[in-house]
Amino acid sequence: MATPPVIAVDGPAASGKGTLSRRIAETYGFAYLDTGSLYRGVAWSLLVAGRDPESDADAAAAAADLDAAAIDGDAIRTDAVGVAASRVAAKPAVRAALLEYQRRFAASPPGGAKGSVLDGRDIGTVVCPEATVKLFVSAAPEVRARRRWLELRAEDPDLAEETVLADIRARDARDAGRADAPMRPAADAVLIDTSSMTIDQAFAAARAAIDPALTSADD
């Protein structure tokens, strides 16, 4: 039985990888998994329970008990949850607990989908190192901070763009500097810098890598 194609999309926060991943999945009829939502779900469950995201034991227990279907998609999108998610994602026990879930999703895409798109920080390097296509989507920190600030200011009009930029830089440092599965492009990843791209341009760049790879896989 042929292995379903996997599109791995990695990159830092606010790079546009989520929007791009969803469009890829919709276009090709693939199942989509935002792996960051799993880590956000762990962080959210800790915060809701009044537990400490810095605690290795609490974070590991929350990851082991996580019910992906019960994650509140709106509640996990706050800035506080995002910061906590970056902290719990640096913990090896959390990553190990969620790794198998991600690999099962890729190996057996739900809903009868013929392939999958996973976006995260270590999909192409750790979760699915044999992915059909690996993309690494990024943008300048200042560009990403402005995007995130525009999203958040409706809820927090007093939020300063400089504060968001500082958070982006700190999160990048944590994600790239963690000992277990640091964020970095896979050696064979296609790099897409969205700093000055529209979503249509980013999607065109992604398709230029995906279409030939899928055609080759079908041969």
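Ala181 is buried, with a relative accessible area of 11%, where buried means under 20% relative accessible area, exposed over 50% and partly exposed in between, using a 1.4 Å probe and protein chains only. Ala181 is placed in the loop between α8 (161-177) and β5 (190-193), and Ala181 has a positive phi of about 50 degrees although it is not a glycine. Most residues other than glycine have a negative phi. Ala14 also has a positive phi, of about 65 degrees, and Ala14 counts as buried at 17% relative accessibility. The loop that holds Ala14 runs between β1 (6-10) and α1 (17-28); helices (H or I, at least four residues) and strands (E, at least two) are DSSP runs, numbered from the N terminus.

This is a predicted model, in which local features need pLDDT of at least 70 and side-chain atom pairs count only at pLDDT 80 or more, while totals for chains, interfaces and linings use all residues. Residues are numbered from 1 along each chain as its sequence is written, and side-chain values use heavy atoms, with hydrogens and water left out.

## Helices α7 and α8

The axes of helix α7 (residues 141-152) and α8 come within 8 Å and cross at roughly 120 degrees; axes are lines fitted to C-alpha atoms, for helices over the stretch in contact, and angles run from 0 to 180 degrees between N-to-C directions. The two helices α7 and α8 are therefore oblique to each other, given that angles under 35 degrees count as roughly parallel, over 145 as roughly antiparallel, 65 to 115 as roughly perpendicular and the rest as oblique.

Residues of α7 that meet α8 include Pro141, Arg144 and Trp149, and among the residues of α8 that meet α7 are Val164, Leu165 and Ile168, with contact meaning heavy atoms within 4.5 Å.

## Helix α4

In helix α4 (residues 79-88), the buried residues are Val81, Gly82, Ala84, Ala85, Ser86 and Val88. These buried residues of α4 pack against α2 (35-48), α3 (56-64), α5 (92-107) and α8.

## Aromatic rings

A search of the whole structure finds 1 aromatic pair. The rings of Tyr28 and Phe30 have their centres 5.9 Å apart and their planes at 40 degrees, so the pair is tilted; rings of Phe, Tyr and Trp (its six-membered ring) pair if their centres lie within 6.5 Å, and planes under 30 degrees apart count as stacked, over 60 as edge-to-face and the rest as tilted. Both Tyr28 and Phe30 are buried.
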